[in-house]
Amino acid sequence: MTQDTASQNSAASTAPAPRRIGSLSVSPLGLGAMPSSMGGNVKPSHEQAIATVHAALDAGITLIDTADIYAPSWDTMGHNEKIVAEALSSWSGDASQISIATKGGITRSEGEVWGRDGSAAYLRSALEKSLEALGRDSVDLYYWHRPDRSIRYAEGVEALAALKQEGLIREIGVSNANVEELDVAREVLGEGGLAAVQNEFSPRFHHTSHGELTYCGEHGIAFVPWSPLGGTGGGSKAVGEKFPQVARVAEARGVSPQQVVLAWELSLGEHVIPIPGASRPESITDSAQAMTLELSASELEDLATILG
């Protein structure tokens, strides 16, 4: 066996097992691309934003999460999607193996007036604009971003089903949804039709989303935590300070608190796929190491107290 072959075999043996989002096979962690366009963090340069996506891909992450509203201003919607598209086209690896998720259903208009529109006409228009920004004929995973309370929940899901029927969406997801809404989505789409649920979940925020995480595990649906480290407003940086359980494990292992949090979330079920946000290559490179961080039973028992 040559040294190169031995190295390849070693890398393969330590590579994290993929997880499923419907028909998609993805890495256990995804990249939340939002911080390159909006959020509570310092915004990166265009070059740094591209480098951050490249760093995620180089680290073995194969799921990139974006949305049409991730933009510096109301009149630049699609900003983040365009960054993701440029990063994929300029990456040296095989981009055909990367899954892209985007979202629609939140509106932004002049004066930064935000709203929601889950109508079939709006979701179709939003998806078409997203496909243009991404430079694609179809998207791997498309989420209804937030419920529109002016319509029946089933109407928005039915609109996504129609778009999938046309081949514009490969897999359907819903975001910021409760258990009752998930029941409706499953009823509309049929068994296996709802591929993913993306809700906020972190050590800081879990009281209203742990039920959905459990529900998804029971029904074979991927649960995709957004802001899994606590958000761009400082929560992710301070997670070790705010949660002594995390700090203890991080210190004992000689790893970052962020790695510990992500590894703990991954342990909550094979259907859990956190998407930590990042605007610096160093951040996502560190987070990606959580995919191979195996926590002990005693460590997991300690971290479980986060949930109360």
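Residues are numbered from 1 along each chain as its sequence is written. Because the model is predicted, local features need pLDDT of at least 70 and side-chain atom pairs count only at pLDDT 80 or more, whereas totals for chains, interfaces and linings use all residues, and side-chain values use heavy atoms, with hydrogens and water left out.

Q: What makes S8 and S9 a pair of strands?
A: Strands (E, at least two residues) and helices (H or I, at least four) are DSSP runs numbered from the N terminus, and two strands pair if DSSP finds at least two bridges between them. Strand S8 (residues 139-144) is joined to S9 by five bridges, so the pair meets the rule of at least two, and these strands run parallel. Within this pairing, tyrosine 143 stands opposite glycine 173 in S9.

Q: Why are S3 and S11 called edge strands?
A: Seven strands form an open sheet in the order S3-S4-S5-S8-S9-S10-S11, with parallel pairing. Strand S3 (31-32) and strand S11 (222-223) are its edge strands, and each pairs on one side only.

Q: What makes the unit of S8, helix H5 and S9 right-handed?
A: A crossover is right-handed if, with the strands pointing away from the viewer, the path from the first strand over the helix to the second runs clockwise. S8, helix H5 (residues 153-165) and S9 make a β-α-β unit of this hand, and the crossover from S9 through helix H6 (residues 179-189) to S10 is right-handed too.

Q: Why is strand S9 called mostly covered?
A: Buried means under 20% relative accessible area (exposed is over 50%, partly exposed in between, with a 1.4 Å probe and protein chains only). In strand S9 (residues 169-175), six of the seven residues are buried.

Q: Why is the pair of tryptophan 144 and tyrosine 153 called stacked?
A: Rings of Phe, Tyr and Trp (its six-membered ring) pair if their centres lie within 6.5 Å, and planes under 30 degrees apart count as stacked, over 60 as edge-to-face and the rest as tilted. Here the centres are 4.7 Å apart and the planes are at 25°, so both values fall inside the limits for a stacked pair. Both tryptophan 144 and tyrosine 153 are buried. The count of aromatic pairs comes to three, and ring pairs also link Phe201, Phe223 and Trp264 into a cluster.

Q: What makes a space a cavity, and how many are found at 30 Å³ or more?
A: On a 1 Å grid over the protein atoms alone, a cavity is a set of points where a 1.4 Å probe fits but cannot get out, whereas a pocket is an open set with protein on both sides within 12 Å along at least five of seven lines; lining residues have an atom within 4 Å of a point. The search finds two cavities of 30 Å³ or more. The largest cavity has a volume of about 40 Å³, and its lining includes Arg186, His219 and Ile221.

Methods
Points joined across faces, edges and corners; volume = space filled by probe spheres on them.
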